[in-house]
Amino acid sequence: MTPKPNALPWLWLSAAVIVLDQLSKWWAVHALQPMGVPHPVIPGFLNWTLAFNSGAAFSFLASGAGWQRWFFVLLALAISAVLVTWLARTPRRDWRTSLPLALIVGGAIGNLIDRLHAAQVTDFIHVYFRQWNYPVFNIADCGITVGAVMLIVFGLFAGKPGDGVR
């Protein structure tokens with residue numbers, strides 16, 4: 001009996017997210033100086049603005065004494081390990097599970113690299129409209145967010161078992 005192919009090849013997508021994330025952060029650090037100065041891309045909607053975050057989403061725990069770096073490193077490693085195990089147990093053809101998991105893993109590892117290298121995450125994408133401002137984020141954050149939303153949406157709208165949807 002031969003084992004069914006699993007979804008681990010989807011980790012190539014994770015690798016692509018990591019490379020794109022790291023290259024974009026390198027570009028941001030070198031092109032968007034000084035930090036905090038907006039560089040309009042689409043006036044009234046999108047700026048490139050270099051920022052650094054030692055916390056998590058929305059700068060959660062950024063004012064900690066440094067312990068949060070290692071907390072988020074361990075959290076990213078644990079979540080990535082769980083998701084890679086999930087991919088190993090997922091059939092390769094199940095793209096509705098594999099695609100979002102691969103995006104989340106890529107994003108988690110992209111930000112993990114920053115935390116290990118610089119004890120902070122490099123952000124540079126700033127979306128805003130009039131007085132409303134979304135916190136500055138990066139490509140890794142996009143991978144995590146899009147992957148999580150896809151998992152939820154695909155989970156909510158998945159077909160019944162045996163109906164041929166998967």
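Is Ile 18 buried or exposed, and what is its relative accessible area?

1. Ile 18 is buried, at a relative accessible area of 17%, where buried means under 20%, exposed over 50% and partly exposed in between (1.4 Å probe, protein chains only). This is a predicted model, in which local features need pLDDT of at least 70 and side-chain atom pairs count only at pLDDT 80 or more, while totals for chains, interfaces and linings use all residues. Residues are numbered from 1 along each chain as its sequence is written, and side-chain values use heavy atoms, with hydrogens and water left out.

2. Ile 18 lies in helix α1, helices being DSSP runs of H or I with at least four residues, numbered from the N terminus. Leaving aside neighbours within four places in sequence, Ile 18 is in contact (heavy atoms within 4.5 Å) with Gly 106, Ile 109, Gly 110 and Ile 113. The C-alpha atoms of Ile 18 and Gly 107 are separated by 6.6 Å, although the two residues are 89 apart along the chain.

3. The mean pLDDT, the predictor's confidence in each residue from 0 to 100, is 90 for the chain, and 87% of the residues score at least 70.

4. An unreviewed UniProt entry annotates residues 70–89 and 134–158 as "transmembrane region", and such annotations may be inferred rather than shown by experiment. In the model, residues 70–89 are 95% helix, with end C-alpha atoms 29 Å apart, whereas residues 134–158 are 72% helix, with end C-alpha atoms 31 Å apart.

5. Val 153, which is placed in helix α4 (residues 139–156), counts as partly exposed because its relative accessibility is 35%.

Conventions: Helix = DSSP H or I, 4+ residues; strand = E, 2+ residues; numbered from the N terminus.
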